[in-house]
Every structure is written in structure tokens, then in C-alpha cells.
Amino acid sequence: MLFGLSVMFWKSYGKGCDAMPKNLRIKSARAALDLSQKDLAEAVGVTRQTINAIEKGDYNPTINLCIRICKTLGKTLDELFWEE
Amino acid sequence: MKRILNKDFDERQLKIRGAVYLHTLIVMVLLILVNAFLRMNGVVWADELYQALLLIMVPVTVGSVELICKDAYIGVRRSYGAMILLLGLCGIVGFFPPLFSILSGKDGFVVNGAFTSDGQRMMVSFCCLIISSVFVARYFYERHQQGE
């Protein structure tokens, strides 16, 4: 039982094989407007930790959140989220 | 209900909460099975009320700690901090007096293979204390991270 729980928690906490690369474009676009993670989070209606997770590549936002972030930062979806 | 929940937690938090609720349910089911096995073999480890309370509180504590660590316990509005501090206060009030009573020798924690009334109260209060303590630790950790 303990082994099963440990595996369950590790899978929840671990990044896994499909970890996304860091999104530095959001970070630089945010910095260009002199916005903190908290400011951006409040503007788009999420928590600061969610913005942090998106920038670190730990979380894949939905298209609606991507659009809200783009509108707030004044960028297009391609500029912030398209994989090069 | 869905609209209210969606306003309180962002999408990442909702995803995390779904997974954590599943973990909590699994832990609760396992504990219920263990309790049933013990009762079948005539082991009475606590009063029925405290058995039920602990079967609820232990999985809730496990789930709450996981939610707090993953920042999905309190939503976007962050308006429930006072409630958690109250939980901590209840934990302190329920944990330390029985602890002093046990340490002074007036009562024991376990007698004849079953938890005493002080022991049972301590365990339930300990669960409340854990949730509150982890929340406070996480709060100061977040403040430190924001400061950096």
C-alpha cells in the first residue's frame, strides 16, 4: 500500500517524460511591460503559481488562458506560445 | 456550483484538485478496509465515533497537505486563510491539554490495545494541526519566493 501511494505521489509531483521547455518569451514580454508574475496573474485571473508554472514549462495552459495572457501582454499566440 | 468553483480556482488548480480528490478517496477506501479487517478480528482500537472521525480526518489531512503543497488549497480569492487559522486553533486546544495530561501520567495514550479518550482527541486534533501548520509553512515559503 505504501509503495503504491509513493508511486502515485511521485507521478503527481514528478515532471514525467513529457516536460515542456521553459517559456522565456512570456517572461521577457512580462518584463518588458514591467509586470511581476503576481501582476500578470491578477490581470488574467489566475494565481501567481500558475504563471510561474507556465513560465517554467510545468503546466500547459488552455487556449483561453493563452489568449488572455496574449491580450494582457500585447502579443500574438505565435509570439508567445508557438514552439520553434 | 460549477460556475462558483470555477471562479474560485483557476484551471491549473481545478486539474490538481481532481487528482488529489482521487488520491484522498483511495486512501479513505484503504483505511475503511483496514478498519473492517480489524473489527472482523475483534480488535476495537477506538470508540465508534472516533473511529469514524479518524477514518474521515486522516484521508482529509493527506489530501489537504497535498493540495497545500501544490497550491490548490485556497483559490484565486485567497479568502479562507482565517478559516485555516481557526482550524489550527482548534487543533492546539484539542491537542496540547491531553498531551500534558498524558505526559503528567494522569492518563495514557493507549490502554489495553485501544486508544484512550485523550489519545483519540489528540489524534483528531493532530490532523487539524498538521493542516494548519503546513498551510502556515507554505505561506511563509511563498512570501520568501515572492521576495526573491
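In the predicted model, helix α2(B) passes helix α3(B) in a right-handed crossing, a crossing being right-handed if the near helix is turned clockwise from the far one by less than a right angle. The axes of α2 (residues 11–40) and α3 (residues 48–69) of chain B come within 9 Å and cross at roughly 150°, axes being lines fitted to C-alpha atoms over the stretch in contact, with angles running from 0 to 180 degrees between N-to-C directions. The two helices α2(B) and α3(B) are therefore roughly antiparallel to each other, a term for angles over 145 degrees, whereas 65 to 115 degrees counts as roughly perpendicular. By class, this contact of α2(B) with α3(B) has 13 nonpolar, 5 polar and 4 charged residues.

Residues are numbered from 1 along each chain as its sequence is written, and chains are lettered from A in the order in which they are written. Local features of this predicted model need pLDDT of at least 70, and side-chain atom pairs count only at pLDDT 80 or more, while totals for chains, interfaces and linings use all residues; side-chain values use heavy atoms, with hydrogens and water left out.

Chain A has 6 helices and 0 strands, helices being DSSP runs (H or I) of at least four residues and strands runs (E) of at least two. Within chain A, the axes of α3 (residues 37–44) and α4 (residues 48–56) come within 8 Å and cross at roughly 110°, which makes α3(A) roughly perpendicular to α4(A). Of the 84 residues of chain A, 33% count as buried, that is, under 20% relative accessible area with a 1.4 Å probe, protein chains only.

Technical notes. Angles under 35 degrees count as roughly parallel, over 145 as roughly antiparallel, 65 to 115 as roughly perpendicular and the rest as oblique. Ala, Val, Leu, Ile, Met, Phe, Trp, Tyr, Cys and Pro count as nonpolar, Asp, Glu, Lys and Arg as charged, and the others, Gly among them, as polar. Buried means under 20% relative accessible area, exposed over 50%, partly exposed in between (1.4 Å probe, protein chains only).
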